[in-house]
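Here is a short tour of a protein model for you to follow alongside the coordinates. Please have your viewer ready.

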Amino acid sequence: GQRTIKPFLQDVVRFDGLLGSLARSFVADPLFMPQIVGTVGIPELVEWLGHVGNMATYTVLDAVVTPAIGPFVDRLKNPREKFRWRRRMDSWRYGSGADYTLPDEE
């Protein structure tokens, strides 16, 4: 649906959309995986899975850790530390694709 295709068309990959799309593809055509492995190759697939794992990590960091530590970071006295933590949390947001919002989410 729109939640999956719209970010993709905007060159934004989000973990939830990617995982949902792959899951639907595998359910619809279980023989899809051997075709992918045969075409892409195992080393490239393993490398890609590393990237997907990083995206999952950033998604969790943005969705769980940022809200938990945000108030603490806001109270930091050292402006350099505050800046570092804010940029770190920004990287989690951008790395997860969560900086993109669908028009109906705004």
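The report below goes from the overall fold to one helix pair and then to one serine.

This is a predicted model. The protein chain holds five helices and zero strands, so there is a plain α-α-α-α-α order to follow from the N terminus on. Of its 106 residues, 20% count as buried. The accessible surface comes to about 7700 Å², and carbon and sulfur atoms own 63% of that area. Among contacts with a separation of 6 or more, 59% join residues 24 or more positions apart.

| Helix | Residues |
|---|---|
| H3 | residues 32-40 |
| H4 | residues 42-74 |
| H5 | residues 79-96 |

Let us look at H3 and H4 together. Their axes lie 6 Å apart, and the helices pack at an angle of about 110 degrees. H3 is therefore roughly perpendicular to H4, because angles of 65 to 115 degrees count that way. On the H3 side, Ile-36, Val-37 and Val-40 take part, and they meet Ile-42, Glu-44 and Leu-45 of H4. The residues of this contact comprise five nonpolar, no polar and one charged.

Now to Ser-96, which has its place in helix H5. Is Ser-96 buried or exposed? With a relative accessible area of 4%, Ser-96 is buried, because the cut-off for that class is under 20%. Its side chain reaches the backbone nitrogen of Ala-98 at 3.2 Å. Leaving aside neighbours within four places in sequence, Ser-96 is in contact with Val-13, Arg-14, Phe-15, Met-55, Tyr-58, Thr-59 and Asp-62.

Terms used: Residues are numbered from 1 along each chain as its sequence is written. This is a predicted model: local features need pLDDT of at least 70, side-chain atom pairs count only at pLDDT 80 or more; totals for chains, interfaces and linings use all residues. Side-chain values use heavy atoms; hydrogens and water are left out. Helices (H or I, at least four residues) and strands (E, at least two) are DSSP runs, numbered from the N terminus. Buried means under 20% relative accessible area, exposed over 50%, partly exposed in between (1.4 Å probe, protein chains only). Contact means heavy atoms within 4.5 Å. Accessible areas come from the Shrake-Rupley method with a 1.4 Å probe; for residues, only the protein chains shown count as cover. Axes are lines fitted to C-alpha atoms, for helices over the stretch in contact, and angles run from 0 to 180 degrees between N-to-C directions. Angles under 35 degrees count as roughly parallel, over 145 as roughly antiparallel, 65 to 115 as roughly perpendicular and the rest as oblique. Ala, Val, Leu, Ile, Met, Phe, Trp, Tyr, Cys and Pro count as nonpolar, Asp, Glu, Lys and Arg as charged, and the others, Gly among them, as polar. A polar contact is a pair of N or O atoms within 3.5 Å; within protein, one must be able to donate a hydrogen and the other to accept it, and residues adjacent in sequence count only if both atoms are side-chain atoms.
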